[in-house]
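Below are my notes on the model, as numbered points. Please read them alongside the coordinates.

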Amino acid sequence: MRARIRPLAAGSAAALALACSLGLQPGAAAALDDGSLSLAAATSVGVHNTYDQAAYTYLDQALDAGSTLIELDVWVNPFTHKWNVSHDNPVGSSNNCVQTSTLAGAYTGNRSQNLDSCFDDIRVWLQAHPTANPVMIKLEMKAGFDQTIGMGPAAMDSLIAAHLGGLVYKPVDLLTKPDGGRYPDLDTAAKAGNWPSRSALQGRAIVEAIPGTFEMSNPFDHLWTDVEYADYIKGLQTADAVADAEIFPSVLGAQSGDPRTKYGDTTIRPWFVVFDGDAATYVNDGNTEWYNTNHYLVIATDAYNVSPALSSTDPSLSDAQARVALLASDSASFVSTDWTTSPADGVLGEVLPRS
């Protein structure tokens with residue numbers, strides 16, 4: 001069992017020393033580790049609610065700063081049948097995404113565009129930085145999908161495919177063995193260590209989706225994003241169409257033990273290999289090494305809240321580095337922060353061994 005308050009463990013100190021020795025700084029236009037680590041064997045850092053104009057004037061500035069986690073809050077607009085990106089407006093977009101097909105255009109123009117433009121901004125940046133660290137795109141589906149108006153998982157997959165194209169590392173990629181065969185499900189593939197090296201994923205993205213705050217508080221919504229997408233991808237596998245899936249469904253609430261046991265439908269459990277949860281709860285909840293042992297990905301949110309709490313906006317660089325190293329030692333894969341200004345944003349370029 002891990003204690004919640006403790007000095008840096010040996011693994012954490014070693015990870016921090018490695019980060020310092022590599023001179024990791026913001027501006028991750030090139031991979032910052034040696035590329036030999038698999039995606040599931042490393043810890044990197046990103047920004048919570050990256051789409052917020054208060055965080056960055058333009059979304060691509062987060063990628064310039066080295067963020068390897070881009071979080072987008074997504075709403076289904078029942079009137080326009082578009083995917084809006086905003087914190088709390090279900091029928092309009094409020095964000096730092098612009099309409100562009102060029103990198104130069106990502107830093108000018110009208111903001112507050114829809115989700116397709118956010119994907120375009122990420123695509124043009126990755127295409128301009130083909131050796132950049134892999135980026136996790138986190139979709140919080142604020143009110144979930146809405147299949148009744150044709151905006152379900154398949155529609156989201158189509159949108160991602162149209163705007164990110166071959167830059168996405170998809171579930172079928174994890175399922176596919178080196179010899180061309182396939183594992184029966186994502187759980188089996190992850191436990192077999194079938195994740196690619198980070199060098200193989202340079203300039204690419206992986207997409208996760210979690211249930212949204214409005215969805216979870218809606219007493220009339222009985223089919224949340226995690227279950228809906230997991231059931232959908234399971235069906236694609238049965239139909240030999242799993243290559244159509246663009247998203248890794250995520251279990252919200254990473255904790256000691258296997259949180260997938262909350263799903264009464266046992267047949268969807270093997271389709272979850274990505275877990276998302278509050279960093280303080282995760283660190284304080286026992287055997288977090290279980291996630292690392294099974295090669296699952298973990299997104300740890302609100303890194304500043306782990307005891308002893310740090311400033312949510314501007315801790316010292318050394319405190320921010322120590323916090324990331326601590327979470328790396330607690331088997332987090334992506335550390336989510338709100339540190340968008342100097343000096344704490346110096347951690348955004350860090351890539352540490354996960355332990």
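1. A disulfide is taken here as a pair of cysteine sulfur atoms within 2.5 Å. By that rule the count comes to 1 disulfide. The model is a predicted one, in which local features need pLDDT of at least 70, side-chain atom pairs count only at pLDDT 80 or more, and totals for chains, interfaces and linings use all residues. Residues are numbered from 1 along each chain as its sequence is written, and side-chain values use heavy atoms, with hydrogens and water left out.

2. The disulfide joins Cys97 to Cys118, with an S to S distance of 2.1 Å. The link of Cys97 and Cys118 is right-handed, at 105 degrees about the S-S bond. It connects distant parts of the chain, 21 residues apart: Cys97 sits in the loop between β3 (83–85) and α3 (115–128), and Cys118 in helix α3. Helices (H or I, at least four residues) and strands (E, at least two) are DSSP runs, numbered from the N terminus. Both Cys97 and Cys118 are buried; buried means under 20% relative accessible area, exposed over 50%, and partly exposed in between (1.4 Å probe, protein chains only).

3. A nonpolar core is a set of buried Ala, Val, Leu, Ile, Met, Phe, Trp, Tyr and Cys residues joined through side-chain atoms within 4.5 Å. The largest has 100 residues, and those touching the most other members are Leu72, Trp83, Leu115, Ile137, Leu139, Met156 and Trp195. Leaving aside residues up to four places away in sequence, Leu115 touches Leu72, Val74, Trp83, Val85, Leu139, Met156 and Leu159 (contact means heavy atoms within 4.5 Å).

4. Helices α4 (residues 153–164) and α8 (residues 225–238) pack at about 80 degrees, their axes 10 Å apart. Helix α4 is therefore roughly perpendicular to α8, a label covering 65 to 115 degrees. Axes are lines fitted to C-alpha atoms, for helices over the stretch in contact, and angles run from 0 to 180 degrees between N-to-C directions. Pro153, Ala154 and Asp157 of α4 meet Glu228, Tyr229 and Tyr232 of α8.

5. One joins Ser307 and Pro308, with omega about -5 degrees; Pro308 lies in the loop between β8 (297–301) and α11 (317–329). Another joins Ser342 and Pro343, with omega about 5 degrees, and Pro343 is in the loop between β9 (334–337) and β10 (351–353).

6. Asp240, a residue other than glycine, has a positive phi near 55 degrees. Asp240 is in the loop between α8 and β6 (248–252) and is exposed, at 64% relative accessible area.

Technical notes
Angles under 35 degrees count as roughly parallel, over 145 as roughly antiparallel, 65 to 115 as roughly perpendicular and the rest as oblique.
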